[in-house]
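Me: I am new to this structure. Can you walk me through how to read its features, one at a time?

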Amino acid sequence: MRQAERFRHPLWVRLTHWIGAGAFVALAISGFAILLALPRLFWGETGSNDSPAWIVLPLPVNLEQTGWGRNLHFLAAWVFVLSGALYGLAALVTGHLFRRLAPDRDQLRPGNLARELRDHLHIRPPHPTSGGERYNALQKLAYLAVLLVLAPVMLLSGLTMSPGVTAAYPELFTLFGGRQSARTIHFLAAFGLVAFLLIHLWQVAANRPLRLLRGMITGRPGGET
């Protein structure tokens with residue numbers, strides 16, 4: 001069997017997947033530590049623990065976690081960005097973006113989307129007519145939303161919270177409506193990514209997890225030896 005047939009996931013997909021996953025876990029942990037210093041979300045330029053907030057999170061104020069949280073968050077952010085940029089560039093150059101992630105016309109039919117939604121809600125395996133190893137439409141749309149919407153929003157809103165960056169590019173304030181607005185959008189995008197991760201893990205656990213895990217580690221489909 002040819003190598004292209006034997007390996008489902010190229011090496012660059014597997015490397016960027018695990019590097020990005022590790023970086024995101026570090027971002028989530030450190031981001032939560034930073035959030036404890038000000039568990040309130042505002043709209044505009046300013047905000048404090050004594051100011052009226054747009055969203056008040058039911059979390060205790062803890063200023064002791066901010067130092068290590070910011071250091072880890074900054075380091076993990078660049079690892080996440082670089083691995084994501086490498087994935088996006090390789091996906092574009094190799095045609096992976098359009099071949100594997102762009103929904104096919106038949107997948108966007110209302111009947112197919114409704115069936116896929118029912119299958120996901122009931123944790124059913126993919127429908128046998130959906131193309132075998134082909135990602136289904138909901139998977140493709142979710143991956144594209146992460147790659148093309150949530151990740152860029154996370155990056156730009158995170159940069160808007162940096163005084164050094166906004167001193168050089170004040171247009172970011174206009175884009176997000178202020179530093180605190182950028183922080184709120186950053187949190188909401190992070191929440192979207194966490195939701196995607198939880199659903200992703202839920203679906204993996206429900207559909208032959210050892211086979212899928214092996215495929216993402218070795219690149220071989222489940223039946224290969």
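Me: How many aromatic pairs does a search of the whole structure find?

Reply: This is a predicted model. A pair of aromatic rings is described by the distance of the centres and the angle of the planes. Here the search of the whole structure finds 6 aromatic pairs. One of them joins Phe 24 and Phe 80.

Me: Which helices hold Phe 24 and Phe 80?

Reply: Phe 24 sits in helix α2, residues 11–35, and Phe 80 in helix α3, residues 66–94. The pair therefore ties together parts that are 56 residues apart in sequence.

Me: Is Phe 24 buried or exposed?

Reply: Phe 24 is buried, because its relative accessibility is 11% and the cut-off for buried is under 20%. Phe 80 has 21% relative accessibility, so it counts as partly exposed.

Me: What kind of aromatic pair do Tyr 135 and Tyr 143 form?

Reply: They form an edge-to-face pair. The rings are 5.4 Å apart, centre to centre, with 75° between the planes. Edge-to-face is the word because the angle is over 60 degrees. Tyr 135 is buried, at 11% relative accessible area.

Me: What else involves Tyr 135?

Reply: Tyr 135, Tyr 143 and Phe 196 make up one aromatic cluster. Arg 100 also lies over the face of Tyr 135, at 4.7 Å from the ring centre.

Me: Now for charges. How many salt bridges does the structure hold?

Reply: Side chains of opposite charge can pair when their charged atoms come close. This structure holds 2 salt bridges. In one of them, Glu 45 pairs with Arg 179, and the closest N and O atoms are 3.5 Å apart. Glu 45 lies in the loop between β1 (40–41) and β2 (55–56), and Arg 179 in helix α9, so the pair ties together parts that are 134 residues apart in sequence. Glu 45 is partly exposed, at 39% relative accessible area. Arg 179 is partly exposed too, at 24%.

Me: Which residue forms a salt bridge with Asp 104?

Reply: Lys 140 does, with the closest N and O atoms 3.5 Å apart. Asp 104 is in the loop between α4 (96–101) and α5 (110–121), and Lys 140 in helix α6. They are 36 residues apart, so the pair links distant parts of the chain. Helix α6 covers residues 137–160. A polar contact of 3.5 Å also joins the two side chains, Lys 140 and Asp 104.

Me: Is Lys 140 buried or exposed?

Reply: Lys 140 is buried, with a relative accessible area of 1%.

Me: On to the surface. Which residues form a nonpolar patch there?

Reply: Leu 11, Leu 15, Ile 19, Leu 75 and Val 79 do. Together they have about 460 Å² of accessible area. The elements that give two or more residues to the patch are α2 and α3. The largest share, 3 residues, comes from α2. Leu 11 is in helix α2. Leu 11 counts as exposed, at 52% relative accessibility.

Me: How far apart in space are Trp 78 and Leu 155?

Reply: They are 9.4 Å apart, C-alpha to C-alpha, and 77 residues apart in sequence. Trp 78 lies in helix α3. At 38% relative accessibility, Trp 78 counts as partly exposed.

Notes. Residues are numbered from 1 along each chain as its sequence is written. This is a predicted model: local features need pLDDT of at least 70, side-chain atom pairs count only at pLDDT 80 or more; totals for chains, interfaces and linings use all residues. Side-chain values use heavy atoms; hydrogens and water are left out. Rings of Phe, Tyr and Trp (its six-membered ring) pair if their centres lie within 6.5 Å; planes under 30 degrees apart count as stacked, over 60 as edge-to-face and the rest as tilted. Helices (H or I, at least four residues) and strands (E, at least two) are DSSP runs, numbered from the N terminus. Buried means under 20% relative accessible area, exposed over 50%, partly exposed in between (1.4 Å probe, protein chains only). A charge sits over a ring if NZ of Lys or CZ of Arg is within 6 Å of the ring centre and within 35 degrees of the ring normal. A polar contact is a pair of N or O atoms within 3.5 Å; within protein, one must be able to donate a hydrogen and the other to accept it, and residues adjacent in sequence count only if both atoms are side-chain atoms. Patches are made of residues with over 30% relative accessible area and no salt bridge: like charges are joined within 9 Å, nonpolar side chains (Val, Leu, Ile, Met, Phe, Trp, Tyr) within 5 Å. Accessible areas come from the Shrake-Rupley method with a 1.4 Å probe; for residues, only the protein chains shown count as cover. A salt bridge is a side-chain nitrogen of Lys or Arg within 4 Å of a carboxyl oxygen of Asp or Glu.
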